[in-house]
Structures are given as C-alpha cells and as structure tokens.
Amino acid sequence: MDKIQAAIGKARAARAAATAPDPASAPPTSQFAPDPASASRSTGPEQRAEAWRPLATFAPKARQMARQRIVTFATTGQSLPGEVAFGVLRTKVLREMRANGWKRLAITSPGANCGKSTVTLNLAFSLAKQKDVHTIVAELDMRRPSLAKMLGVKGKTGFDTVIEGKADFASLAVRPRPNLAFGLNYSRAQSPAELLQSPTVGPALARIEAAYAPDLMIFDMPPMLVNDDTLAFVGQVDCVLLVAEAGTTSMREIDVCERDLAAQTNVLGVLLNKCRYMEKNDGYGGYN
Ligand SMILES: Nc1ncnc2c1ncn2[C@@H]1O[C@H](COP(=O)(O)OP(=O)(O)O)[C@@H](O)[C@H]1O
Ligand SMILES: [Mg+2]
C-alpha cells in the first residue's frame, strides 16, 4: 500500500514538475461556469428548492443498498465500516472542488469492476448528508449501465436521451434525497462512443446546471483501457477521480490513465479500492 502510494506520488510529482501551469493563469472557476449574465439571474436556495421539488422521488431499500455495499446510505444508526473513509473522501473532494470553483467530477478507472459505480453511489449518498450540498449523478457507462440496478429503480427512458437533447432531465430524473438526483440508464445505449462526443453533450449539461444549480455533477464513467469513451468525454469535466482495484490494477495502468487524463483535465486523485488488508475502513481508504 505504502509502496503503491509512494510510486503514485512520485510519478505524479515528476509529471507536475514537467507540466506545472503558471498559477496566475489558472483562475479558480469552472470552465463550465455559466456566463455572468445568466449567473446573476441564477438560483438562490429557494429557487433551487423549487426547481428540485418536481423531480420524481424514490426510496431505495436499505437491504438492497447494503447488498450493493452502499455503506453511506443509512442516515441513522451505527457507522458502517467504510463509511468514515467515504466521509473523508467527501471532505477532500468538496474542499478541492470548492477551492478551485470546480463543479463537474468524473469517476473512472483503468479496467472494469474496479468499483467506480460503488464509489460513485457511496460518495453521492455521503454528500447528500450535507443538506446544503446538491448533487446530480449522471450515468455515462452506457455500454454497461448498472446504477439503476444497484439502486433498485426501474424505468424506460435513459439519461442517454438527455445528452442527445431528445428529453428533459426532469422527465426521467429520480431523487432518493431532497438534494441528490440521478440520471440513469436502463439498457445499453445504441452508440455510446458517438454519444459522448456528440455536440449535444455540452449544451445538455449546461441546461441541467442552469435549471438545477447543482453544487456538483458526478459522472459515472466507463473504464479507460477498454475503449475511448471516457477520454472522449473528459474535456467536459473540471476534474477526475481514478479508482484502482488493489491487487488487480497495475502501477503502469494507473500511470498511463493518469497521464492521459492529466492531458485533458485535473486529476483529483487515485482511490485504491478493495484493499482487503486495511484495518478499519474495509478497503475504501486509499485516496491520495
Ligand atoms: N471495496 C470493495 N470491496 C469489495 N467489493 C467491492 C468493493 N467495491 C466494489 N466492489 C464490488 O466489485 C464489483 C464491481 O463494482 P462496480 O462498482 O460495479 O465496478 P465498476 O463500476 O468499476 O465496474 C461489484 O460486485 C461490487 O459490489
Ligand atoms: Mg460501473
């Protein structure tokens, strides 16, 4: 673990030294921030609450959430192993994103099954415990959609139709918490690669942000080393969290992915998931 983290740190430091931007040239705002004219018209807390209210609510079942390892779901009772680690992740993500004025976070990994969707849901429910933080989660792993199944939601029209500009977010959003909404997919999309590169994506995301003023949008992405879907999209986000699977993902894979991502966006960190030999936090703690 220490070795892996030291190696990640070393690779990152070397890359940062080679590509360090001039701090004066990097204003602390999202490049996707609305233009000042629309920002001045933008939502205060009451208008935002008003906009979120019509979004369909649903109540995931606690047993289903436990089965899917969503340890941050429960709002009362004893802390589950791993929950504290996600609290720490939430704090770090919020601090970093707020400090930089970032709003859009993509979660990806080198290979499949590293735990992207599990991390996405845990981070989302952890964020929702902060009442003032509004989060929208969008599923973009459209070849292997899984969030709806994990949450136990059934539906027909997927979030792919929103990014195609064919449907409104409001028509299909589901909201398990007053301040947490999802855009889900219920079947594999027709042409995921083309969709993620389509010129309709940027305007669709901007419309959602203008209407619902989320503090964060989180995108559950496909794995990077399987196809180009993620790299085709990351130009649309402010930052990325890379999830690695302890014991499976190699250092080389992490390094290749981090380098490719860093060329297009900000890499927030690498989260080492499934660390079985961590003592107290049940394998979610290796965020660096
Ligand atoms: N920390 C963990 N410990 C054990 N199993 C995990 C952990 N995180 C995820 N999993 C399991 O690994 C599998 C893949 O997780 P998933 O989140 O769907 O990965 P991805 O979205 O990267 O494909 C699921 O069965 C999930 O329950
Ligand atoms: Mg997934």
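The side chains of Glu 209 and Arg 104 meet in a salt bridge, 2.7 Å from N to O. By salt bridge I mean a side-chain nitrogen of Lys or Arg within 4 Å of a carboxyl oxygen of Asp or Glu. Glu 209 sits in helix H11, residues 201–212, and Arg 104 in strand E2, residues 104–108, so this pair ties together parts that are 105 residues apart in sequence. Helices (H or I, at least four residues) and strands (E, at least two) are DSSP runs, numbered from the N terminus. Are Glu 209 and Arg 104 buried or exposed? Both are buried. Here buried means under 20% relative accessible area, exposed over 50%, and partly exposed in between, with a 1.4 Å probe and protein chains only.

A word on the model. This is a predicted model, in which local features need pLDDT of at least 70, side-chain atom pairs count only at pLDDT 80 or more, and totals for chains, interfaces and linings use all residues. Residues are numbered from 1 along each chain as its sequence is written, chains are lettered from A and ligands numbered from 1 in the order in which they are written, and side-chain values use heavy atoms, with hydrogens and water left out.

Back to the charged pairs. How many salt bridges does the structure hold? There are nine, and I will describe two others.

One of them joins Glu 245 to Lys 274, with the closest N and O atoms 3.3 Å apart. This pair links distant parts of the chain: Glu 245 is in strand E7, residues 239–245, while Lys 274 is in the loop between strand E8 (266–273) and strand E9 (286–287), 29 residues apart. Glu 245 counts as buried, at 13% relative accessibility, and Lys 274 is partly exposed, at 32%.

The other is between Asp 132 and Arg 98, whose closest N and O atoms are 3.9 Å apart. Again distant parts of the chain are linked: Asp 132 lies in the loop between helix H6 (116–128) and strand E3 (135–139), and Arg 98 lies in helix H5, residues 83–100, 34 residues apart. Arg 98 counts as exposed, with 51% relative accessibility.

Last, the cysteines. The structure holds zero disulfides, a disulfide being a pair of cysteine sulfur atoms within 2.5 Å.
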